[in-house]
Amino acid sequence: EHGAYIKEKNKEWRQIRELDTKWKSKILSILQDYVDRVPYSFIEEKDFSVVWHYRKSDVELASQKAKELMDEIIHFTANIDVQVLQGNKVIEVRSGGVNKGSAAMQFIDENYDFILAAGDDWTDEDLFKILPKDAYTIKVGVFQSYARFNLHNNIEVVELLKKLSETNSV
């Protein structure tokens with residue numbers, strides 16, 4: 001849910017704040033129209049967001065329809081507290097103010113010894129932006145990012161974590 005819920009040690013998952021989702025039904029009907037027009041596209045519904053995926057669709061048709069959908073959704077959501085995000089062959093509409101960065105702010109105080117954040121998705125950029133300058137932020141994949149460092153793939157991330165755990169256990 002990109003930060004809509006957080007979980008503290010030895011506690012249950014909880015919502016960061018109350019969120020209005022009345023907008024979802026109208027957005028879902030708009031997205032369904034595009035699913036009907038773009039073969040192999042589909043909708044993913046979460047508690048506080050809806051996503052139109054078109055990665056399996058014809059590139060030309062899907063690109064054209066994605067532009068149309070962005071225009072339609074941006075027009076429709078102009079006065080609604082939502083964010084409209086376009087990613088790698090996805091368009092996501094999510095409740096406003098919900099992101100990994102706002103969730104991380106619930107945990108950050110001045111008493112941390114070490115912060116490590118790694119991610120391979122465009123939604124991780126919100127997290128990388130808000131973390132302190134001395135945090136170790138890693139973008140997985142070689143892309144432009146707010147992260148301080150890059151690793152090529154998840155295998156390198158696992159190798160790094162193993163090395164860190166070995167160093168810490170001495």
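The protein chain has 5 helices and 9 strands. The model is a predicted one. Read from the N terminus, the order of elements is β-β-α-β-β-α-β-β-α-β-α-β-β-α. Along the principal axes, the C-alpha atoms occupy a box of roughly 60 × 35 × 25 Å. The chain has 170 residues, of which 36% count as buried. Of the contacts between residues at least 6 apart in sequence, 42% link residues at least 24 apart.

## The H1–H2 pair

Two packed helices are described by the angle between their axes and the distance between the axes. Helix H1 covers residues 24-37 and helix H2 covers residues 59-76; the angle between them is about 165° and their axes lie 11 Å apart. An angle over 145 degrees counts as roughly antiparallel, and H1 and H2 are therefore roughly antiparallel to each other. The crossing of H1 past H2 is right-handed.

On the H1 side, the contact is made by Lys26, Ile27, Ile30, Leu31, Tyr34 and Arg37. On the H2 side, the residues are Leu61, Lys65, Glu68, Leu69, Glu72, Ile73 and Phe76. By class, the residues of this contact comprise 8 nonpolar and 5 charged, with no polar ones.

Ser57 sits in the loop that joins strand E4 (49-53) to H2. Its relative accessible area is 9%, so Ser57 counts as buried. The side chain of Ser57 comes to 2.8 Å from the backbone oxygen of Pro39.

Ala4 belongs to the segment before strand E1 (5-6). With 2% relative accessibility, Ala4 is buried. Not counting residues up to four places away, Ala4 touches Arg14, Gln15, Ile16, Leu19, Phe48 and Val98. Ile130 is 126 residues from Ala4 along the chain, and the two C-alpha atoms are separated by 16 Å.

Asn99 lies in the loop between E6 and helix H3 (100-104). Asn99 is likewise buried, at a relative accessible area of 13%. The side chain of Asn99 reaches towards H3, where the backbone nitrogen of Ser102 is 2.7 Å away.

## Residues with positive phi

Most residues other than glycine have a negative phi, and most peptide bonds are trans. Asn10 is not a glycine, yet has a positive phi of about 65°. Asn10 is placed in the loop between E1 and strand E2 (14-15). A relative accessible area of 72% makes Asn10 exposed.

Lys89 is another non-glycine residue with a positive phi, near 60°. Lys89 is part of the loop between strand E5 (82-87) and strand E6 (90-95). Lys89 is partly exposed, its relative accessible area being 34%.

## Phe149

Phe149 is in strand E9, which spans residues 149-151. At 36% relative accessibility, Phe149 is partly exposed. Setting aside neighbours within four places in sequence, Phe149 is in contact with Tyr136, Thr137, Ile138 and Lys139. For one of these, Lys139, the separation from Phe149 is 10 residues in sequence and 6.3 Å in space, C-alpha to C-alpha.

## Accessibility of the residues discussed

The table collects the accessibility values given above.

| Residue | Relative accessible area | Class |
|---|---|---|
| Ala4 | 2% | buried |
| Asn10 | 72% | exposed |
| Ser57 | 9% | buried |
| Lys89 | 34% | partly exposed |
| Asn99 | 13% | buried |
| Phe149 | 36% | partly exposed |

Conventions:
Residues are numbered from 1 along each chain as its sequence is written. This is a predicted model: local features need pLDDT of at least 70, side-chain atom pairs count only at pLDDT 80 or more; totals for chains, interfaces and linings use all residues. Side-chain values use heavy atoms; hydrogens and water are left out. Axes are lines fitted to C-alpha atoms, for helices over the stretch in contact, and angles run from 0 to 180 degrees between N-to-C directions. Helices (H or I, at least four residues) and strands (E, at least two) are DSSP runs, numbered from the N terminus. Angles under 35 degrees count as roughly parallel, over 145 as roughly antiparallel, 65 to 115 as roughly perpendicular and the rest as oblique. A crossing is left-handed if the near helix is turned anticlockwise from the far one by less than a right angle, and right-handed if clockwise. Contact means heavy atoms within 4.5 Å. Ala, Val, Leu, Ile, Met, Phe, Trp, Tyr, Cys and Pro count as nonpolar, Asp, Glu, Lys and Arg as charged, and the others, Gly among them, as polar. Buried means under 20% relative accessible area, exposed over 50%, partly exposed in between (1.4 Å probe, protein chains only). A polar contact is a pair of N or O atoms within 3.5 Å; within protein, one must be able to donate a hydrogen and the other to accept it, and residues adjacent in sequence count only if both atoms are side-chain atoms.
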